[in-house]
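This report is a guided reading for someone meeting the structure for the first time. Please keep the sequence and the structure in view while reading.

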Amino acid sequence: MSGADDLKVLEKNLIAEIGGAKDLTALDAVRVSALGKKGRISELMSKLGSLPPEERKTFGQTVNTLKGQISAALDARKTELETAALDERLKTERTDVTLPVRPGPIAEGRIHPVSQVLDEVVEIFADMGFSVAEGPDIETDEMNFDKLNIPAEHPARQDHDTFYFAPKADGSRLLLRTHTSPVQIRTMVSQKPPIRIIAPGRVYRCDSDQTHTPMFHQVEGLVIDESTHMGHLKWVLQEFCKAFFEVDEVKMRFRASHFPFTEPSMEVDIGAEAIGKPGQWLEILGCGMVHPNVLKNCGLDPEKYQGFAFGVGLDRLTMLKYGIPDLRAFFSGDLTWLSHYGFSTLDVPTLAGGLSS
Ligand code: 2U9
């Protein structure tokens, strides 16, 4: 066989071996056997010196051409095998981006139902133009009682079952606030009307049984302007109840009551059909027109200013809306209870999004 024929056969064999390589390892073995130091093409090159000078040039060029062809064929097959391997992986390694987030510590955390209801209440009143006001849990007798028209000898002072701190040298003593009303007092002392605030927060009374815990939550509201009247009060409470219980209509009953800080004072019941119990009335809040003495105590002229206030127990509101039977479980730190009644961190209440859905 002539040298040229040898090269043709070698070329044919190598191309067949390259085409037959099933994977990258097999292909690399072909590359080494052709182009490696002791490979078939490299060995041809080493024979060059033993050829007669007149044949060297042509033989050298032909071997170089073959080398180029085989390199190109190796590269092409390599790309082919890599693409096929990638296609195979893409078939099995799919990512479904529509799958829900894998539960982890953050996804499993729950918002306490009282916090959720507080956020709902804030959302509703913010939409009506109220701001949120806050104040300290530790208060003075003056802010918690005196300025609210509850003097030392007033029987309501006993009703509040107050937690007192040890008296100071001057006889004065601090206390844990028994309602959030001192927040409204502080607002009236420091701000000129118009005032439109809600004051949510923790309050404390020395009382503990099936329906009372020593710490509970309230939201109180206060609106003071020159001509604010009971019609405004009734409208605000009606809108609040409809939005909170997520119903188009709610029956409301205003019963005459008595609080030292409001005159007149009322307790409000709603028709329990709002929570799916037709035929019953449920007491949900207290309210009234701010007593002129309270306005005076805060430096406001009752001849010029008037307004209304209301108070709602948040824990009770939470039990009613979400059908939670036992108040004491609210503060027991029971994770099983919380995973049942709690809310996902993604359930942020918004009016546009349908409050609780
Ligand atoms: C100022 C003036 C008046 C707040 C009011 C009520 C009626 C009321 C209860 C509801 C359930 C307390 O948590 S509860 O037990 N509250 O009935 N609260 S009027 O009146 C104010 C507050 C501040 C300066």
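## Two domains

The chain is divided into domain 1, which covers residues 4-92, and domain 2, which covers residues 111-344. Taken over C-alpha atoms, the centres of domain 1 and domain 2 are separated by 88 Å. The model is a predicted one, and the description below should be read with that in mind.

## Helices packed against H4

Helix H4 comprises residues 53-92, and helix H3, residues 40-47, packs against H4 at an angle of about 165°, with the two axes 10 Å apart. Angles over 145 degrees count as roughly antiparallel, and H3 and H4 are therefore roughly antiparallel to each other. Their crossing is left-handed. On the H3 side the contact is made by Ile41, Leu44 and Met45, which meet Phe59, Gly60, Val63, Asn64, Leu66, Lys67 and Ile70 in H4. The residues of this contact of H3 with H4 divide into seven nonpolar, two polar and one charged.

Helix H2, made up of residues 24-35, also packs with H4, here at an angle of about 170° and with the axes 10 Å apart. H2 and H4 are therefore roughly antiparallel to each other. From H2, the residues Leu24, Leu27, Arg31, Ala34 and Leu35 meet a set in H4 that consists of Lys67, Ile70, Ser71, Leu74, Arg77, Lys78, Leu81 and Glu82. By class, the contact of H2 with H4 has seven nonpolar, one polar and five charged residues.

In general, the strands of a sheet pair through backbone hydrogen bonds, in either a parallel or an antiparallel way.

## Strand S9 and its partners

Strand S9, residues 306-313, is joined by eight bridges to strand S5, residues 215-225, and the two strands run antiparallel. Here Ile224 stands opposite Gly307 in S9.

Strand S8, residues 281-290, is joined to S9 by five bridges, and this pair runs antiparallel too. For Leu285, the bridge partner in S9 is Val312.

## Helices H6 and H10

How do the axes of helix H6 and helix H10 cross? The axes of H6 (residues 113-127) and H10 (residues 230-245) come within 10 Å and cross at roughly 135°, which makes H6 oblique to H10. The crossing of H6 and H10 is right-handed.

In the contact between these helices, Val117, Glu120, Val121, Ile124 and Phe125 in H6 meet Val236, Phe240, Ala243 and Phe244 in H10. By class, the contact of H6 with H10 has eight nonpolar, no polar and one charged residues.

## Backbone details

Most residues other than glycine have a negative phi, and most peptide bonds are trans. Against that background, some places in the backbone deserve a careful look. A cis peptide bond joins Pro193 and Pro194, with omega at about 5°, and Pro194 is found in the loop between helix H9 (181-190) and strand S4 (195-204). Another cis peptide bond joins Glu263 and Pro264, with omega at about -5°, and Pro264 lies in strand S7.

Asn149 is not a glycine, yet it has a positive phi of about 70°; the place of Asn149 is in the loop between helix H7 (141-144) and helix H8 (155-159). Leu355, likewise not a glycine, has a positive phi of about 30°, and Leu355 lies in the segment after helix H13 (335-341).

Note on methods:
Residues are numbered from 1 along each chain as its sequence is written. This is a predicted model: local features need pLDDT of at least 70, side-chain atom pairs count only at pLDDT 80 or more; totals for chains, interfaces and linings use all residues. Side-chain values use heavy atoms; hydrogens and water are left out. Axes are lines fitted to C-alpha atoms, for helices over the stretch in contact, and angles run from 0 to 180 degrees between N-to-C directions. Helices (H or I, at least four residues) and strands (E, at least two) are DSSP runs, numbered from the N terminus. Angles under 35 degrees count as roughly parallel, over 145 as roughly antiparallel, 65 to 115 as roughly perpendicular and the rest as oblique. A crossing is left-handed if the near helix is turned anticlockwise from the far one by less than a right angle, and right-handed if clockwise. Contact means heavy atoms within 4.5 Å. Ala, Val, Leu, Ile, Met, Phe, Trp, Tyr, Cys and Pro count as nonpolar, Asp, Glu, Lys and Arg as charged, and the others, Gly among them, as polar. Domain bounds come from an automatic or database domain assignment. Two strands pair if DSSP finds at least two bridges between them.
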